[in-house]
Amino acid sequence: MNYKALAQRLFPTIDKTPDYWEEKYPQRNLKEGARVTRFAPSPTGFLHFGNLFTCLVSYKTAKDTNGVFYVRVEDTDQKRKVDGAIEVMLKGLSVYGIVPDEGVVGENEQVGDYAPYYQSERKEIYQTYAKSLVEQGLAYPCFMTPEELDEIRAAQENESIKGIWGKWAKHRELTLDEIESHLANGEAWTLRLKSPGTLDGKCRFDDLIRGKIEMPENVQDVVILKSDGIPTYHFAHAVDDHLMRTTHVMRGDEWIASVPIHLQLFRVLGFKPPKYAHVAPIMKEENGGKRKLSKRKDPEAKVTYYAEQGFPKESVTEYILTLANSNFEDWRRMNKTESIDKFPVNLKKMSVSGALFDMVKLTDVSKNVICQMSADNVFSLSYEWAKEYCPELAALYEQDTERATAILNIDRENKKPRKDIAKWSDIPEYISYMYDETFVPCYELTGNATPELAVKVLEKYIDAVNLDDDKDAWFGRMKDICPLVGCTPNVKEYKQNPDDFAGHVGDVSTIIRVALTGRTNTPDLYSITALLGEKTVKSRLEAALNHYKEEV
């Protein structure tokens, strides 16, 4: 067989050699140990939480080693392309601080010396390497029709190894004349790898997450170029990862089954393969079992969900790192104010069985993140969120931005800040009592605070309240009311002799708190009273008093 003649017949327009592309895309000039990683999405849909998880690990792997993180778009299947999908994905990543060093940085914008980063623009490169494989007798044209392939699939139903190999690979040894005859008839062809694998051969590799893995060697003559000359994923990713000098590939563990094919392709192409880290899917508990986080069933699978709900990007990123590495929480406790950029992701500490998504855990993480923020930061971030997702809150803020910031600052910038807010969508309910438009009275009492006691307390407090008081004077007035209504200002004294009193100062403050806020648990009542203003305070106290009088 004259393989060079065959290669020229199949690829008459390809005049470059692999050496040309090797020179055009040289080894990167990086420090030893620097890792080159990538995100390689298809432009077919939204950004899944699992994508964000894997992408953040990939990004951190590059950044922790002073390496390079790039974006390559795998768009060879133009029929499935969704306009704007890449822009949405890139925006979704940037929200969480994942900005590529090079590659596709916008829908129609590419940056970097290894362009083009759209696979649809690299057809000549793939065909150059495909032609080289034909010249070496390592690939061949296959003229089998869809009907023939269906017949083979049916015949292999009970076979342990499926696909085109052995006796099924009937076009593997066609002569040049036979190939020429098929071509002269205008028959469509695909290019198949002439697999060097054997039935007893083994593929061994060291997965960076799962450790050493051994699998049967690939014996299939897989398609590397489709009938339209476009490469399959297997072939394209091998050529691209080599020429873009990728060192580490983070991808879903569903690709483990393809590793024998991929490593075989790297070998026949003469490339050094990247190191693979196969990431287990994010799991979710359901009915006592576990299943994969589903974009069809779970709203939280869609990355835009977190922006819509108002989870700060810092919260989501911190939560992802708790899923990625079990030691992150210990690191955070020891480094409370450090940027997460300082945390080194360790691939060997990643879960082999799949991290479990837990909304309660995310909420707790987010409360810890938000409670450490300044009031100005909370206002700024929640205002930006509100303008897009909650115009009612934005309108409240815009009445008086300084007052809104002060409301958010109640019990915030101190040694033990409250943890009431997990996401910006919690804020409208959290501060509703601070605005007359959204205040909903609720007069349910707890403890010793009865309607009868409430009437006595409110009658005294309405006349005593003074918004010019400092905090000590304000609380002093509450204590002064106690003996006038049969209570003690000393909680300890009440506990020693509960039968001697109607209640204690805590019960008095509860009555006032409920009257002003409709709640039994709020941040600092003194600060709330001051920010409500005299007119609102008096009107709410009077409304509560009238309510309790009717109850009594």
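Guide: This is a predicted model, and it holds 34 salt bridges.

Visitor: Why is the contact between E217 and R267 called a salt bridge?

Guide: The N to O distance between their side chains is 3.4 Å. The cut-off is within 4 Å, so the pair qualifies.

Visitor: What makes this pair a tie between separate parts?

Guide: E217 sits in the loop between β8 (211–216) and β9 (223–225), while R267 belongs to helix α9 (residues 259–269), so the bridge joins parts 50 residues apart in sequence.

Visitor: Why is E217 called buried?

Guide: Its relative accessibility is 19%, and buried means under 20%. R267, at 47%, counts as partly exposed, because that label covers values between the 20% and 50% limits.

Visitor: How do you know that K361 and E329 form a salt bridge?

Guide: Their side chains meet at 2.4 Å, N to O, and the limit is 4 Å. The pair links distant parts of the chain, with K361 in helix α13 (residues 359–371) and E329 in helix α12 (residues 328–334), 32 residues apart. K361 has a relative accessible area of 27% and E329 one of 31%, so both are partly exposed.

Visitor: What separates E384 and K387 along helix α14?

Guide: About one helical turn, because they are three residues apart in that helix (residues 375–389). The closest N and O atoms of E384 and K387 are 2.9 Å apart, which means the pair meets the 4 Å cut-off for a salt bridge.

Visitor: Which residues are linked in a network of salt bridges?

Guide: R38, R72, E74, R122, D240 and D241.

How values were computed. Residues numbered from 1 in each chain as written. Predicted model: local features only at pLDDT ≥ 70, side-chain atom pairs only at ≥ 80, totals over all residues. Heavy atoms only, no water. Helix = DSSP H or I, 4+ residues; strand = E, 2+ residues; numbered from the N terminus. Buried < 20%, exposed > 50% of the residue type's maximum accessible area, 1.4 Å probe, protein only.
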